[in-house]
Amino acid sequence: MSFQDALARCATETDALLDRLLPLDAFPASRVTEAMRYSALGQGKRLRPFLVVESASLFRVPRERALRTGAALECVHCYSLVHDDLPAMDDDDLRRGKPTAHKAFDEATAILAGDALLTFAFEVVADAATHPDASIRVQLVSKLAKAAGVAGMVGGQMLDIEAETQNASELGHIGLIQSLKTGALFRYACEAGAILGQADPAPLIRYAQKIGLAFQIADDILDVESTPEALGKATQKDKAMGKATFVDLLGMDEAKRRAAALVDEAVESLAGYGDKARVLNEAARFIVERRK
């Protein structure tokens, strides 16, 4: 199966699973459930669940277990987008080509929907349906908490907000922000596959670190070269807020060269898996070649 076919299949399966896990009439607060579904279903590439599924496939993990873990991770990702878009954060009106959650509903509902998506993720991972071994589920929960929290994504978001007023312009500091804000969930996606397969996560962690940084560099490139219509979200927000990007610090040509080099390093990290890692290698290349 080609990378594009594998990505599309995983997206379809992730949407179907989230649809089953989040039925509109299953919870008493139907409005917040509607906002959760609005924010989580039917949009996005589902790259993070895909990385869980493909990493787990290296170790022949049953697909349903990987999909549940990936769906939980996607809930965390979608929660972060809902909160990122709020007026107190990035104040965006458009996400994935449609009005952001606080525009489609209201600010209070969007906050609660984000909170609910985050906590629901742990409910999914902790369920025995994700893995029959409780010790495996504990590892998945612990790693997800770290990736999503102050030592990971939330910490990176705080540093990113501070960069608006502190004029952070050192390459190492920008790299630290993105390794937490963006990279932590990529690392979890790949490490979770190894945890599910009870395998050594080191090669996949190295792979994730490389593609996480490449993803952010590619985002900074797209922010300059693309349009809101193509991306489905506002462009050049960082520039307007005075925050440095990889393009600012490296220049466009060097940023593209650095992203390509990171892809080569990511592929090398998986050399020990041979042809089993073919789709993951194609995913690394997609990350820097994507147009949105």
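This is a predicted model: local features need pLDDT of at least 70, side-chain atom pairs count only at pLDDT 80 or more; totals for chains, interfaces and linings use all residues.

User: How many residues does the largest nonpolar core have?

Analyst: The largest nonpolar core has 81 residues. Within this core, F50, L51 and Y207 have the most contacts.

User: Which helix gives the most to this core?

Analyst: Helix α10 does, with ten residues. In general terms, nonpolar side chains in soluble globular proteins tend to be buried together.

User: And what is L51 in contact with, leaving aside its neighbours within four places in sequence?

Analyst: With those neighbours set aside, L51 is in contact with F186, A189, C190, Y207, I211 and L280.

User: Let us stay with α10. At what angle do α7 and α10 pack?

Analyst: Helix α7 (residues 134-148) and helix α10 (residues 183-196) pack at about 170°, and their axes are 10 Å apart. As angles over 145 degrees count as roughly antiparallel, α7 is roughly antiparallel to α10.

User: Which residues meet there?

Analyst: From α7 there are I136, Q139, L140, K143, L144 and A147, which meet A184, L185, Y188, E191, A192, I195 and L196 of α10. By class, the contact of α7 with α10 divides into ten nonpolar, one polar and two charged residues.

User: What about α1 and α16: how far apart are their axes?

Analyst: The axes of α1 (residues 3-21) and α16 are 9 Å apart, and the two helices pack at an angle of about 90°. That makes α1 roughly perpendicular to α16. F3, Q4, A6 and L7 of α1 make the contact with V279, E282, A283 and F286 of α16. By class, the contact of α1 with α16 has six nonpolar, one polar and one charged residues.

User: Is I287 buried or exposed?

Analyst: I287, which is found in helix α16 (residues 278-289), has a relative accessibility of 1% and therefore counts as buried. Leaving aside its neighbours within four places in sequence, I287 is in contact with L47, F186, I211, A214, F215 and A218.

User: What separates the C-alpha atoms of I287 and P87?

Analyst: The C-alpha atoms of I287 and P87 are separated by 29 Å, and the two residues are 200 residues apart along the chain.

User: Changing topic: how many disulfides are there?

Analyst: The count comes to zero disulfides.

User: Finally, where are H77 and Q178?

Analyst: H77 is in helix α4 (residues 63-84), and Q178 lies in helix α9 (residues 171-181). H77 is buried, with a relative accessible area of 10%, and Q178 is buried, with a relative accessible area of 10%.

User: What are they in contact with, neighbours within four places in sequence aside?

Analyst: With such neighbours left aside, H77 is in contact with R48, R96 and L185.

Note on methods: Residues are numbered from 1 along each chain as its sequence is written. Side-chain values use heavy atoms; hydrogens and water are left out. Helices (H or I, at least four residues) and strands (E, at least two) are DSSP runs, numbered from the N terminus. Buried means under 20% relative accessible area, exposed over 50%, partly exposed in between (1.4 Å probe, protein chains only). Contact means heavy atoms within 4.5 Å. Axes are lines fitted to C-alpha atoms, for helices over the stretch in contact, and angles run from 0 to 180 degrees between N-to-C directions. Angles under 35 degrees count as roughly parallel, over 145 as roughly antiparallel, 65 to 115 as roughly perpendicular and the rest as oblique. Ala, Val, Leu, Ile, Met, Phe, Trp, Tyr, Cys and Pro count as nonpolar, Asp, Glu, Lys and Arg as charged, and the others, Gly among them, as polar. A nonpolar core is a set of buried Ala, Val, Leu, Ile, Met, Phe, Trp, Tyr and Cys residues joined through side-chain atoms within 4.5 Å. A disulfide is a pair of cysteine sulfur atoms within 2.5 Å.
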